[in-house]
Amino acid sequence: MAAQVDKGSCVGCGACTGECPCGAIELIDDVATVNDNCVSCGACADACPAGAITVE
């Protein structure tokens, strides 16, 4: 399953975008958005200071 972003918790800092090895996360309107390139590695969740990203 792809990473999931809690849009209410995302602070739009962009920390996740730099950590994603697949380029699967981008900021759209200052909210992290996951695209189809996600391989569920969890790098983005580990980088998120707000805890807004989960991978199941």
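**Briefing: core, hairpin and cavities**

Ala32 is in contact (heavy atoms within 4.5 Å) with Val5, Lys7, Cys10, Cys16, Ile25, Glu26 and Leu27, residues up to four places away in sequence being left out. The model is a predicted one, in which local features need pLDDT of at least 70 and side-chain atom pairs count only at pLDDT 80 or more, while totals for chains, interfaces and linings use all residues. Residues are numbered from 1 along each chain as its sequence is written, and side-chain values use heavy atoms, with hydrogens and water left out.

**Nonpolar core**

- Ala32 belongs to the largest nonpolar core, which has 11 residues.
- In soluble globular proteins, nonpolar side chains tend to be buried together.
- Strands here are DSSP runs of E with at least two residues, and helices are runs of H or I with at least four, numbered from the N terminus.
- Because its relative accessible area is 7%, Ile25 is buried. Buried means under 20%, exposed over 50% and partly exposed in between, with a 1.4 Å probe and protein chains only.
- Beyond its neighbours within four places in sequence, Ile25 touches Cys16, Thr17, Cys20, Ala32, Thr33, Val34, Cys44 and Ile53.
- Ile25 and Cys48 are 23 residues apart along the chain, and their C-alpha atoms are separated by 12 Å.

- Strands E2 (residues 25–28) and E3 (residues 31–34) run antiparallel and are joined by four bridges; strands pair if DSSP finds at least two bridges between them.
- Ile25 has Val34 as its bridge partner in E3, and Ile28 has Val31.
- Two residues lie between the strands of the hairpin, where Asp29 takes a positive phi near 55°.
- Asp30, in the loop between E2 and E3, has a positive phi near 60° although it is a residue other than glycine. Asp30 counts as exposed because its relative accessibility is 56%.

**Cavities**

- The whole structure holds two cavities of 30 Å³ or more. On a 1 Å grid over the protein atoms alone, a cavity is a set of points where a 1.4 Å probe fits but cannot get out, and lining residues have an atom within 4 Å of a point.
- The largest cavity contains about 70 Å³ of space; a volume is the space filled by probe spheres set on the grid points, which are joined across faces, edges and corners.
- Of the 14 residues lining the largest cavity, Cys10, Cys13, Cys16, Ala32 and Cys48 lie nearest its centre.
- The lining of the largest cavity has 12 nonpolar, two polar and no charged residues. Ala, Val, Leu, Ile, Met, Phe, Trp, Tyr, Cys and Pro count as nonpolar, Asp, Glu, Lys and Arg as charged, and the others, Gly among them, as polar.
- The second largest cavity contains about 60 Å³ of space. It is lined by 13 residues, with Cys20, Cys38, Val39, Cys41 and Cys44 closest to its centre.
- By class, the second largest cavity is lined by 11 nonpolar, two polar and no charged residues.

**Helices H1 and H2**

- Glu19 lies in helix H1 (residues 15–19) and is partly exposed because its relative accessibility is 46%.
- Ala43 lies in helix H2 (residues 43–47). Apart from neighbours within four places in sequence, Ala43 touches Glu19 and Pro21.
- Glu19, with residues up to four places away again set aside, touches Ala43 and Ala47.
- Ala43 and Gly18 lie 25 residues apart along the chain, with 9.6 Å between their C-alpha atoms.
- Between Glu19 and Thr33, 14 residues apart in sequence, the C-alpha to C-alpha distance is 14 Å.

**Other loop positions**

- Ser40 lies in the loop between E3 and H2 and has a positive phi of about 60°, although it is not a glycine. Ser40 counts as partly exposed because its relative accessibility is 28%.
- Gly8 lies in the loop between strand E1 (4–5) and H1. Gly8 is exposed because its relative accessible area is 73%.
- The C-alpha atoms of Gly8 and Val34 are separated by 15 Å, and the two residues are 26 residues apart along the chain.

Definitions and conventions
On a 1 Å grid over the protein atoms alone, a cavity is a set of points where a 1.4 Å probe fits but cannot get out, and a pocket is an open set with protein on both sides within 12 Å along at least five of seven lines; lining residues have an atom within 4 Å of a point. A nonpolar core is a set of buried Ala, Val, Leu, Ile, Met, Phe, Trp, Tyr and Cys residues joined through side-chain atoms within 4.5 Å.
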